[in-house]
Amino acid sequence: MRLLAGALAATLLVGCPSWTPQDLEPYPNPFGEGDAGWAPQPDRENPLEAVASIDGARAWVSLQGSPDVPGRFVAEVDLETGELVRKIEVGSGATGLALHPGGRHLVVFNRFSNYASVIDTTTGRTSRPIPADYYGIEGVFTPDGSELWVTNRWRDAVQVWTVTTAGARLEVSERLEPGIPVGTNPRDIAISADGATVAVAALTEGSVSLLDVATRQERARVDLGAPANGLAFVGDWLVVATTSRSTHHQALAGPDTDGDGVPGDGTPNINFQDLQNELAVIDVAAGVEAARYTSDTICCKDYRDVDPDDGERLGDMLPPEETWIVGGALPEQVLADGTSVWVSYSGSNQVQRFEVDPDDGTLTARLVHEAAGHSPHGLAVTDDRLLVVHRLGETLGVRSSSTGELQAVVEVGDLSGGPFPATDAEIGELFNFVTSSFTVDGDQTCHHCHREGGNLNKAFSMPLSQAVGVGLRQTMDYRGAADTRPWFFEAAMDESNFVPVMNEFARIENFCCSDYTLFPSGAPTGCSANPPPECTSEPNPYSVDGSAPTRDHGAEHASDRPTAHASRDGFYTAQMETLIGRSESFGDGLYFEDPISDERLPIPLDFDGITRALGLFLLQDTHLLPNPWDPDREAAQRGRALFEGHDTACAACHPAPTFSTAALMGPVVTPFRADDGTNLDLLAGGFLDLFPRAEMDRCEDVCDPDACAADASVCDDLLHVQMGVTSLRGIWDRADSFLHHGRARGLTEVLATPGHPALGPGEVGFNERDGIPDTHGGTSHLSASELEDLATYLRTL
Amino acid sequence: MPRSSLLALVPVVLLCTASDCPGPNPPVTPFECELGLVLEDSDFSPIAADGTTSAEMIFGFQGFLWVDVAIRGDEDSPSVADVAARIDIDGFEPLGRSIPAIVFDEAGDGTLSETVQVRLDNSEGPALYIGRPATFTLKVTGEFKETTCAATVLLVDDDPCIYTDDEPICGDDDDSAEQ
C-alpha cells in the first residue's frame with residue numbers, strides 16, 4: 001500500500017501517467033536463521049559520497065546501504081558546527097551526488113530506483129523526482145549547468161540529460177538514452193574545467209572513456225588493464241585511481257595477458273605479490289596513458305618480492321623506483337584540489353595528497369594521513385576543508401585541506417547497533433574491505449579483485465594451480481555465496497577453510513618462528529612473543545637472492561622486516577587488536593563449542609578465526625545487485641522455455657532457485673591447454689591433499705601405471721579436474737569474460753557451439769569440449785534469435 | 001526496510017498450523033567411539049591409551065599443518081556428523097576446530113569415519129610442536145546421535161620440507177634443497 005501511495009503521488013507530480021516510481025527488490029538469501037553462524041545484524045547505512053555547498057558551510061552525504069538492505073537517505077551536515085542537520089529521504093540505494101552549479105539543486109542517483117531524487121538545498125526538501133533507468137550511479141553537470149551526464153551500470157552507458165531549473169524544480173527537457181556506450185559497469189565520472197571532455201571510469205572493464213561533450217561521442221578509450229576507480233581532471237591531465245595491470249602470471253611465460261605479443265603478463269612478481277596500488281595519469285588531449293605510479297611497497301617486504309637489482313629474476317622489469325609513490329591500499333576516489341589531488345585508500349584507511357605538475361602531469365607524493373574511520377571512500381573539498389566519508393565507519397571526517405589535520409568526525413550513518421564492527425560477520429566485512437593491515441606488504445585487499453562484490457574482466461593465475469604462474473582462473477564475484485557451497489570453480493572449499501586464498505596475504509614463510517630450517521628441532525618456547533636473536537640476524541631461507549634477503553632492518557630494499565611479528569597468528573591477532581580493539585570474536589556467529597566443557601567460546605581472531613569471519617560475511621547477505629531486467633519480456637519468456645526444456649538441459653545443472661548445485665562434474669568445455677596439450681587447469685598435488693573434496697584424475701586413471709611411475713606428468717594432457725556448478729544468479733552484472741578460464745567474451749560465446757550462426761565476426765563458440773559440440777548444454781540446434789532469447793533469460797536471473 | 005523490521009516478521013513466518021508443524025526432535029542418543037590414525041599400511045590404527053602413539057604432522061600445501069585421524073564408532077554411528085575438535089598441545093593454549101559433514105563409511109559396516117583432517121595451525125609450522133604430547137578431544141554430533149572421544153599422541157614430523165607453489169624447500173641437511 002505504501003508503494004502504491006507513493007506511486008500515485010509521483011504520478012501526479014511528474015505528470016506522466018506511464019511512469020510510476022519503483023524500487024528493485026533484493027534477492028532472497030538461502031542462508032538464514034537456523035543456519036550455523038547466522039546472527040541478526042545491526043542496521044547500517046554505509047555512507048558513500050559527499051558534496052559540499054558552494055559556500056562551504058554544509059555538506060551532503062549519500063547513505064547507500066547495501067544490496068540486501070539498501071539505504072534511502074542523504075545526510076545533511078553543518079560544517080561550521082560539525083553536526084548532523086537532518087536526513088533527507090530519497091530513493092533506494094542512494095549513491096552519486098551532483099550539485100548543480102547554481103548551488104540550489106542536488107541530484108541524488110538512487111541505483112535501485114527508477115528515478116533520481118532532487119533536493120532543494122535551501123529547504124532540505126525533495127522536489128519532483130526525475131524518471132530514470134535503474135542503476136544511475138554518478139553524475140556531473142556541465143559548467144554552465146545545462147546538461148547532466150550520468151553513468152548507468154545497467155546500460156553500460158553514459159546518459160545525457162538536458163536540464164532546466166525553475167525555483168525548487170530541476171527538470172529534464174531532453175535525454176540521450178540509452179546513452180553513449182562505455183566499458184562494463186561505469187561508475188565514476190568527471191568533467192574537465194572547460195567543459196569540453198567528460199571522463200568515465202568503467203569499474204569492471206578497467207577502462208577510461210573520454211567523451212567529447214560537444215559531439216556526444218567517445219573520443220578515446222584508455223585500457224588500464226585493471227579496475228578504473230575514481231578520477232579527476234587537473235588541467236590537461238586526468239588522474240585515475242586503479243591497481244596493477246598484472247594477472248599474477250610469470251613475466252614471460254604462459255598466456256599473453258598484457259597483450260604485448262609475447263607470453264606472460266610482463267611483470268616479474270607472481271601471485272598476489274603482483275597486485276599493486278596505482279595511479280594512472282592520462283594525457284587528455286592525446287587520449288593516452290602518460291604515466292603510471294605504483295605502490296611504495298612493491299619491494300621488498302614479502303619473501304617472494306623481486307628486487308629491482310636482481311637481473312636474474314627480471315628485476316629490471318619492475319617499474320622505475322621513482323614511480324613507487326602510492327602510499328596506501330586500493331586507491332578509491334580522486335578529488336582535484338587546485339593543482340593537486342586527494343586520494344582515498346579504502347583498503348588501508350588512509351588518504352594522501354599528490355601534487356600534479358601542470359606541464360607534464362608528473363605526480364609528487366605528499367604525506368599519508370590515517371583516516372578517522374573504516375574504509376574511506378567519497379571525498380569533497382571546500383576552501384579550507386577536506387571531507388572524507390568513512391563507508392564502514394558510518395561517519396564523515398572533516399580535515400584541514402591544507403594540513404590534512406583532523407578537525408571533526410560526524411556520525412552520518414547508523415551507529416545505533418554499536419561502532420563498526422559490532423558482530424562477527426561485520427569483522428569479516430571489515431577484513432574484506434580493509435585487508436591491507438593483514439598483508440605482509442600492506443598492498444592488497446580482497447576488494448582489489450572483487451570490486452563491490454563483483455568480478456573483473458580478466459583471469460588470473462592462482463596459487464592452487466599445478467602450472468604455477470601460467471594457468472587461468474577467471475575472477476569470481478562473491479555474490480550469492482550461499483548458492484554455490486562448496487566454493488570456487490573446484491568446489492573444494494567452504495566458508496571455514498578457504499585458506500589458500502587467505503594465505504597469499506601473509507605467507508608463513510615470512511615469519512621467523514615458522515622457519516623450519518632455522519629451528520629444525522622446534523622453535524624456542526615463546527618464540528612469537530620473544531623472538532630469539534636469529535630472527536634478526538639470519539637470512540630468510542625461503543627468500544631467493546635479492547628478495548627480502550635477511551630479516552635485518554639494515555638490508556637494502558628491506559628497510560623493515562615483513563612485519564614486526566615472528567608468527568602469522570601473532571601478526572593477525574595484533575593487527576585486529578589495533579584495528580578494532582579486540583583479538584577474539586564476539587561469539588554471535590563465530591564460536592567454538594568446547595567438547596570438554598560444553599561452553600560456547602569466542603574464537604581468537606588469528607588466521608583461522610579471521611578466515612571464518614570472512615566466510616560468515618560472505619554468507620550473511622547475498623551481496624547480489626537487485627536485477628533490473630524484466631523477466632516478463634517475451635524474449636525472456638521464450639528463453640526460459642528453452643532453458644527449462646529437455647533439448648538444452650540447462651536447468652538440469654543450473655536448477656532454480658539458486659541455479660546451481662553442489663555437484664562436481666567433469667569439464668563441460670575444453671580445458672585451457674598449453675601448446676603441447678598439457679591441461680593447465682590441473683590442480684597442485686598439495687592442494688588436493690589439503691582439500692580432499694577436490695577431484696582430479698590421477699595419472700593411473702588414464703595411462704599405463706608403469707609409464708606414470710616413470711614420469712608422473714606423462715599424461716597431463718589427458719587429466720581433468722572436476723568442476724562445481726557456477727550459480728547464474730546475478731550473471732547480468734558480471735564481467736564479459738566467462739567460464740573458468742575467462743576466455744569466453746560475452747554470453748553468446750558461452751552458449752554457442754563452434755560455427756554457430758549467432759556468432760559474429762571473430763567470435764568463438766565455447767560450447768564444446770575437445771571438438772565435441774553441445775557439451776555445455778544443447779544449443780547447436782538453436783537459431784541465432786533463440787540463442788539471444790536464452791541469453792536474455794539468463795540476464796533476468 | 002531496516003533489518004530490525006525484517007526480524008520482526010520472522011516470528012510470524014515461523015508460525016505453523018497444528019497439522020504441518022514438525023514434531024519434537026527425538027532425544028539425542030549416545031554411541032561409542034575411539035580415535036585412531038590412518039596409516040599407509042592400515043585402514044585404522046587405534047591410538048594407544050598410554051599416550052605413546054606417534055602421530056605424524058603433515059606439513060603440506062603452502063605450509064598448512066594438520067594431523068589426519070579417524071573415528072571408529074559402534075553400530076549406532078550416524079552416517080554423517082559434525083565434529084568439534086579441541087586440541088591440547090603441551091605448552092600451548094587449546095585449539096578449537098569445527099569440521100563439518102564427516103561421512104561414516106558407506107561402503108563398509110558404517111562404523112568407520114572418513115579421514116578427519118584436524119588443522120593444528122596455520123602459522124607456526126611443525127617446529128614448535130615436534131615431540132610434544134597432544135590430546136585430541138572430538139565431539140561428534142549427527143542424526144541425533146552424539147559421542148565424545150579423546151586420545152593423546154606424541155607429535156612427530158619426519159618430513160623436513162615446506163611445500164611452496166614450486167618445488168618443496170627442504171632443510172640444509174637435504175641436498176635437494178632449493179634455496
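Reply: Let's start at His105(A), which sits in strand E6 of chain A, residues 105–110; strands here are DSSP runs of E with at least two residues, helices are runs of H or I with at least four, and both are numbered from the N terminus. This is a predicted model, in which local features need pLDDT of at least 70 and side-chain atom pairs count only at pLDDT 80 or more, while totals for chains, interfaces and linings use all residues. Residues are numbered from 1 along each chain as its sequence is written, chains are lettered from A and ligands numbered from 1 in the order in which they are written, and side-chain values use heavy atoms, leaving out hydrogens and water.

His105(A) counts as buried because its relative accessibility is 5% (buried is under 20% relative accessible area, exposed over 50%, partly exposed in between, with a 1.4 Å probe and protein chains only). Its side chain reaches the backbone oxygen of Gly167(A) at 2.8 Å. Gly167(A) is also among the contacts of His105(A) beyond four places in sequence, along with Thr165(A), Ala168(A), Arg169(A) and Leu170(A); contact means heavy atoms within 4.5 Å. Others in that list include Val118(A), Ile119(A) and Thr121(A).

Elsewhere, the largest nonpolar core has 57 residues, and Tyr572(A), Met576(A) and Phe687(A) are among those touching the most other members. Such a core is a set of buried Ala, Val, Leu, Ile, Met, Phe, Trp, Tyr and Cys residues joined through side-chain atoms within 4.5 Å. Helices H2, H3, H5, H6 and H9 of chain A each give two or more residues to this core, and H6(A) supplies the largest share, eight residues. Beyond its neighbours within four places, Met576(A) is in contact with Ile427(A), Leu430(A) and Ile610(A), among others.

Now to the partner chain: the contact takes 55 residues from chain A and 45 from chain B. About 4100 Å² is buried between them, with carbon and sulfur atoms giving 56%; buried area is the accessible area (1.4 Å probe) that two parts lose on being put together, summed over both. In chain A, Tyr516(A), Pro595(A) and Leu690(A) lose the most area to chain B, together 16% of what that side buries. Four salt bridges are counted between the chains (a side-chain nitrogen of Lys or Arg within 4 Å of a carboxyl oxygen of Asp or Glu). Asp594(A) and Arg86(B) meet in a salt bridge at 2.5 Å, N to O. H9(A) gives the most to the side of chain A that touches chain B, with four residues.

Notes
Polar contact = N/O pair within 3.5 Å; in protein donor to acceptor, adjacent residues only side chain to side chain.
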